Amino acid sequence: MGKNSKLRAADKAQNDEFYTQYADIQMEVNAYLEYNPDVFRGKTILLPCDDPEWSNFTRFFAENFEFFGLKKLISTSFAVESKNSKWYEPTLFETEAPNYDATKTRTHGKIFVLDRDINNSGRIDLDDLQWEYLHGDGDFRSKEVCALRDEADVIITNPPFSLFREFVAWIMEANKQFLIIGNQNALTYKEIFPLIKANRMWTGCRFNRRVNGDNMTFMVPDDYPMKGTELYVEDGKKYISVAGTGWFTNIDHGRRHQPLQLMTMSDNIKYSKHKEVKDIGYVKYDNYDALEVPFSDAIPSDYTEPMGVPISFMSKFCPEQFEIIDGIGRYSVLDNERTKKEGKYLSMVDGQPKFFRIIIRKKQ
Ligand SMILES: C[S@@+](CC[C@H](N)C(=O)[O-])C[C@H]1O[C@@H](n2cnc3c(N)ncnc32)[C@H](O)[C@@H]1O
């Protein structure tokens, strides 16, 4: 591996170790429960790519096991020896347990299961979690974790950043419900965009949105290098705030059925708050038959032909209001081969390339 690709691999590996905060999980899951209080009732939830003894995902779902009416909660972890990052913190929970194994703790994944009241406390909660080492390292692609996936109804996690495409394909091939964290750039991937277009995957409730002024923030390992303003330390723990991050899902929630409130084209031209639109209007792309709309709130409500909007539109997308027909940048995501052959930059106006654009059309 060359020096640059080594650095890139190291960077990627670091981004795989971002740990989700309890409040972020709670806020997101509440949105689905608000829409359908029985969304998890009678279901088996799998939390893969986790570190169950201290993961907030495991704690949150174990604490709410009865409230959500779950049938079974399973979470699995990935062995430290298989991780790119060697940050390792065995917990007392593990080291003081009778089944603790000083070798396996580094080489094997772990599985935690919650499905009944083991300690006869009269309720099923965190104290009833049972654990053991997996046969392998807990790789989500391994046979044993695939079998757990097949058993589950819903897959929930913050998957490794560098394997996002593969992780989504892994869920899709088993046709499961899911709620996962990812970056908004994933919308432009040729493996992901067709799923968005087909309404098999959409953005969750929080997506690239600041809450109380902050982007989504993750805890990072103690050895994470403190470079960049997006990193800070609180109570001895390191955190990173990551712009453009949010939830992807195929579980329904109320926000996605709220249509955008929009003005007509002539009102936009008269009153738009955007100087790029006010008194100027709209133009079509040089090499693609659609109207360039540079801001989601400048979509003209009375335009019925294809329009290109920035990817931030996805968090405002309401499938009853618009349909998605393509994604364009250098090429069309859906017609990559043909447009590549033609070598035409597609999201371009007057010779100036725009960022990736989602092509939408108003539903009649
Ligand atoms: C982004 S972190 C999230 C951890 C935890 N789910 C959370 O949100 O707090 C992704 C985790 O997946 C692990 N991981 C990396 N590659 C994996 C693989 N092939 N199979 C399973 N887990 C993997 C990483 O080591 C890391 O612990």
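1. Ser301 sits in the loop that runs between strand S13 (291-292) and strand S14 (307-309), where helices (H or I, at least four residues) and strands (E, at least two) are DSSP runs numbered from the N terminus. Ser301 counts as partly exposed because 15 other C-beta atoms lie within 10 Å; a residue is buried if 20 or more other C-beta atoms lie within 10 Å of its own, exposed if 12 or fewer, and partly exposed in between, with C-beta atoms placed from the backbone. Not counting residues up to four places away in sequence, Ser301 touches Leu262, Met263 and Thr264, and two residues are in contact if their C-beta atoms, placed from the backbone, lie within 7 Å. The C-alpha atoms of Ser301 and Gln321 are separated by 9.9 Å, with the two residues 20 apart along the chain.

2. Two remarks on how to read this note belong here. This is a predicted model, in which local features need pLDDT of at least 70 and side-chain atom pairs count only at pLDDT 80 or more, while totals for chains, interfaces and linings use all residues. Residues are numbered from 1 along each chain as its sequence is written.

3. Pro310 belongs to the loop between S14 and strand S15 (322-328). Pro310 is partly exposed, since 16 other C-beta atoms lie within 10 Å. Leaving aside neighbours within four places in sequence, Pro310 is in contact with Pro294, Ser296, Phe355 and Arg357. Trp54, by contrast, is 256 residues apart from Pro310 along the chain, and the C-alpha atoms of the two are separated by 38 Å.

4. The domain assignment of the chain gives domain 1 (3-256) and domain 2 (258-362), and such bounds come from an automatic or database domain assignment. The C-alpha centres of these two domains lie 34 Å apart. Where they meet, 17 residues of domain 1 are in contact with 15 residues of domain 2. On the domain 1 side, helix H9 (193-197) and strand S7 (202-207) each supply at least two residues, and the largest share, 4 residues, comes from H9. By class, this side of domain 1 has 6 nonpolar, 6 polar and 5 charged residues; here Ala, Val, Leu, Ile, Met, Phe, Trp, Tyr, Cys and Pro count as nonpolar, Asp, Glu, Lys and Arg as charged, and the others, Gly among them, as polar.

5. The largest nonpolar core has 75 residues, of which Ile45, Phe61, Leu73, Ile156 and Ile358 touch the most other members. A nonpolar core is a set of buried Ala, Val, Leu, Ile, Met, Phe, Trp, Tyr and Cys residues joined through C-beta atoms within 7 Å. Helix H8 (residues 164-174) gives the most to this core, with 5 residues. Because both domain 1 and domain 2 give residues to the core, it lies between them. As for Phe61, leaving aside its neighbours within four places in sequence, this residue is in contact with Ile45, Leu47 and Leu73.

6. In H8, the buried residues are Phe164, Phe167, Val168, Trp170 and Ile171. They cover an arc of only 155° around the axis, which puts them on the same side of H8; the arc is that of the directions from the helix axis to the C-beta atoms. What covers them includes strand S5 (154-157) and strand S6 (177-183). H8 is followed by Asn175, whose phi is positive, near 55°.

7. Helix H7 (residues 143-151) has Val145, Leu148 and Arg149 as its buried residues. Seen down the axis of H7, these fall within an arc of 105°, so they line one face of the helix. On the other side of H7, Lys143, Ala147, Asp150 and Glu151 are exposed. The cover over the buried residues of H7 includes strand S1 (44-50), strand S2 (72-77), S5 and H8.

8. Most residues other than glycine have a negative phi. Asp235, although not a glycine, has a positive phi of about 50°, and Asp235 is found in the loop between strand S9 (231-234) and strand S10 (237-242). With 5 other C-beta atoms within 10 Å, Asp235 is exposed. Asp350 also has a positive phi of about 50°, and its place is in the loop between strand S16 (348-349) and strand S17 (352-353). Asp350 counts as exposed because it has 8 C-beta neighbours inside 10 Å.

9. Around the ligand there are 20 residues, and the closest are Thr20, Cys49, Phe78, Asn158 and Pro160; a residue is near a molecule if its C-beta atom, placed from the backbone, lies within 6 Å of it. This shell divides into 9 nonpolar, 5 polar and 6 charged residues.
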